[in-house]
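Please look over the sequence and the model before reading on, and keep both in view while following the text.

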Amino acid sequence: MIKYIKGFLRYRFLLGELVKKGIKLKYRRSYLGIVWSLIEPILTTIVLVAVFGTLFNNTEKTYPLYIICGRLIYSFFSAGTKAASSSIRRNASMIQKVYVPKYLYPLADVLFNYLIFFISLAVLILIMIYSRTAPTLLIWQVIPALIFLLLLTTGVGLFLCTLTVYFRDMEYLWNVSLMLIMYMSAIFYYPERIMNSGVSWLLKYNPLFCVIDMFRGGVMGYQASMWDFGYCGVSCVAVLVVGTYIFWKKQDDFLLHL
């Protein structure tokens with residue numbers, strides 16, 4: 001373990017450069033640049049409120065805040081895992097020429113999306129003002145939610161990254177899976193509609209929904225359930241451990257399949 005920690009510290013500068021490179025490439029030739037990270041969630045929320053607010057006959061002032069909390073979390077999970085899944089293939093030429101710990105590539109993709117996600121959280125202030133929602137002491141729930149989100153995204157990203165090296169179609173399959181995950185995460189509908197039905201397990205055992213519920217609780221001022229904290233913590237750590245282990249076991253064979 002000490003060996004791997006020393007290796008990580010040795011390449012921490014390179015990790016930082018890869019994160020900077022990811023941000024620059026994402027907004028290359030873009031006039032709006034990082035500002036788009038603030039505009040996009042607002043526009044998406046307006047559309048979702050207009051469509052699903054009308055569909056569900058929901059006129060509550062807090063509904064836009066409810067939607068954007070879920071949308072921001074899901075957007076990072078989606079962007080982070082998709083970027084990490086293709087990271088080894090995208091950097092194949094570099095990997096074949098220079099030795100660099102291979103985990104740096106998916107990790108950098110997750111981290112640069114995490115930084116962009118943090119910047120996009122600024123839009124919550126505007127939506128909270130619009131919905132007349134003031135921060136409460138329960139805002140502390142945001143901290144574990146953000147930590148669990150990073151662990152979950154990193155674990156899933158490492159796992160997908162390994163699979164994508166061997167199965168190129170995994171990228172397309174994951175895009176379909178993300179759509180299903182979105183509907184299973186109660187982003188634009190209230191979870192009570194599902195929890196009182198026979199398919200409540202779709203939400204209960206979805207760690208991303210637990211993260212979203214914790215985050216919403218912190219922003220909107222309600223106490224998330226102990227199940228969210230306990231199950232989410234255990235499952236996110238487990239996903240990270242499994243994803244890291246699979247990546248570590250297979251990384252030496254990557255060059256044979258690139």
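What follows is a walk through this predicted model, from its nonpolar cores to its rings, charges and cysteines.

In soluble globular proteins, nonpolar side chains tend to be buried together. Here the largest nonpolar core has 52 residues, and the members that touch the most others within this core are Phe77, Phe117, Leu124, Leu208 and Phe215. Two or more residues each come from helix H3 (36-55), helix H4 (63-85), helix H7 (104-120), helix H8 (123-130), helix H9 (142-166), helix H10 (170-183), helix H13 (207-220) and helix H14 (226-250). Of these elements, H4 gives the most to the core, with 12 residues. To see how one member is surrounded, the reader may turn to Phe215, which, leaving aside residues up to four places away in sequence, touches Cys69, Ile73, Leu121, Leu124, Val142, Ala145 and Leu146. Apart from this core lies another, of 19 residues, and Leu18, Leu104, Leu158 and Phe254 are among them.

Helix H9 deserves a separate look. From its first C-alpha to its last, H9 reaches 37 Å with its 25 residues, which is close to the 36 Å expected at 1.5 Å a residue. H9 is also mostly covered, since 18 of its 25 residues are buried. Ser85, which lies in helix H4, is buried as well, with a relative accessible area of 4%. Not counting residues up to four places away in sequence, Ser85 touches Gly157, Leu160, Cys161, Thr164 and Glu171.

The aromatic rings come next. A pair of aromatic rings is described by the distance of the centres and the angle of the planes. The structure holds 19 aromatic pairs. In one of them, Phe76 and Tyr114 have ring centres 5.1 Å apart and planes at 55 degrees, so the pair is tilted. This pair links distant parts of the chain, with Phe76 in helix H4 and Tyr114 in helix H7, 38 residues apart, and both Phe76 and Tyr114 are buried. In another pair, the rings of Tyr205 and Tyr231 have their centres 5.9 Å apart, and their planes stand at 80 degrees, so this pair is edge-to-face. Because Tyr205 lies in the loop between helix H12 (201-204) and H13, while Tyr231 lies in helix H14, the pair ties together parts that are 26 residues apart in sequence. Tyr205 is partly exposed, with a relative accessible area of 46%, and Tyr231, at 21% relative accessibility, counts as partly exposed too. Elsewhere, Phe52, Tyr183, Phe188 and Tyr189 form one aromatic cluster.

The charged end of Arg216 sits over the ring of Tyr66, 3.6 Å from its centre, and Lys204 lies over the face of Trp227, at 5.0 Å from the ring centre.

The cysteines close the tour. A disulfide is a covalent bond between the sulfur atoms of two cysteines. How many disulfides does the structure hold? The structure holds 0 disulfides. The sulfur of Cys232 has its closest cysteine sulfur in Cys236, 3.7 Å away, which is too far for a bond, because a disulfide requires the sulfur atoms to be within 2.5 Å. Cys232 is buried, with a relative accessible area of 0%, and Cys236 is likewise buried, with a relative accessible area of 0%.

Note on methods:
Residues numbered from 1 in each chain as written. Predicted model: local features only at pLDDT ≥ 70, side-chain atom pairs only at ≥ 80, totals over all residues. Heavy atoms only, no water. Core = buried A, V, L, I, M, F, W, Y, C linked by side-chain atoms within 4.5 Å. Buried < 20%, exposed > 50% of the residue type's maximum accessible area, 1.4 Å probe, protein only. Helix = DSSP H or I, 4+ residues; strand = E, 2+ residues; numbered from the N terminus. Contact = heavy atoms within 4.5 Å. Expected span 1.5 Å × (residues − 1). Phe/Tyr/Trp six-rings, centres within 6.5 Å; stacked < 30°, edge-to-face > 60°. Lys NZ or Arg CZ within 6 Å of the ring centre and 35° of its normal.
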